[in-house]
Amino acid sequence: MKGDGAMTFGQELIDACLTALSAPDGVVSPLVRQVAAHLAGQMARHGGAVFRDFSVQASAPLLGKLISRPEGRAPSQLCVTDNAVSALIRVQTAYPGALAPDTSTFIGQFLLPGLPVISDEAEINHVTAFLMQNYNPSAVWAQAVLSALITVKVTPSASVHLKPEVAEALRHCLRDHLSKSPAKDRILSALTPEEISRL
């Protein structure tokens, strides 16, 4: 997809992607919007410099709106939200500083409303690994991200899709950070005994 010819080759994909991401609710199905969000992330990941304007200026604001929708956590919309979160991570990774000056600011400004990512098995590992790698216990979003990572660990449908290396890293991450979190009791009180046993 890289190179000057990629933009011409990908223009139809770009147009279709933006149409699906920006369409009013009910005009396109959640599945179509999910595919469009995934595609936006892949174009950022593989497209190179020629896709920067599309990724940063066109798709990222639309992905942000998808994540922040009041209905974004509804069961029928979770896969859309999951893919939008993952796609924004790919944009920020492909074009560092384009969406936010640093990763901590990026997480706080863009990702929180879309967490946890638990429904799309193709994105669970990507988002979980990113959050673990960039977890900052002193950040204002630390409690929310820690809660999101716990939710991934204790949700059977999510944890079953974790790659072994991601699952092991998550186990260590939670052990290390949960024990030191001032919000530990508050976080654990929101879990059922069965969920706590899965930690």
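The model is a predicted one, where local features need pLDDT of at least 70 and side-chain atom pairs count only at pLDDT 80 or more, while totals for chains, interfaces and linings use all residues. Residues are numbered from 1 along each chain as its sequence is written, and side-chain values use heavy atoms, with hydrogens and water left out.

**The chain as a whole**

Let's begin with the fold: the protein chain has 11 helices and zero strands (helices are DSSP runs of H or I with at least four residues, strands are runs of E with at least two, and both are numbered from the N terminus). With a radius of gyration of 17 Å, close to the 16 Å that the globule rule gives for 199 residues, the protein chain is as compact as a globular protein of that length. Here the radius is taken over C-alpha atoms, and the rule is 2.2 Å times the number of residues to the power 0.38.

Some overall values for the protein chain are collected here.

| Property | Value |
|---|---|
| Span of the C-alpha trace along its principal axes | about 55 × 35 × 30 Å |
| Accessible surface (Shrake-Rupley, 1.4 Å probe) | about 9,700 Å² |
| Share of that surface on carbon and sulfur atoms | 57% |

**Helix α7**

Helix α7 covers residues 142–154. Its 13 residues should span 18 Å at 1.5 Å a residue, and the end C-alpha atoms are 18 Å apart, which agrees; the expected span is 1.5 Å times one less than the number of residues. Which residues of α7 are buried? They are A142, V145, L146, A148, L149, I150, V152, K153 and V154. These buried residues pack against α5 (103–111), α6 (121–133), α8 (156–159), α9 (164–178), α10 (184–189) and α11 (193–198).

**A cis bond and a leucine**

In the loop between α5 and α6 you will find P116. The peptide bond that leads from L115 to P116 is cis, with omega near 0 degrees.

L18 sits in helix α1 (residues 4–22). With a relative accessible area of 22%, L18 is partly exposed, a class that runs between the buried limit of under 20% and the exposed limit of over 50%. Leaving aside residues up to four places away in sequence, L18 touches F54, A58, S59 and L62. The C-alpha atoms of L18 and R33 are separated by 9.6 Å, with the two residues 15 apart along the chain.

Conventions
Buried means under 20% relative accessible area, exposed over 50%, partly exposed in between (1.4 Å probe, protein chains only). Contact means heavy atoms within 4.5 Å.
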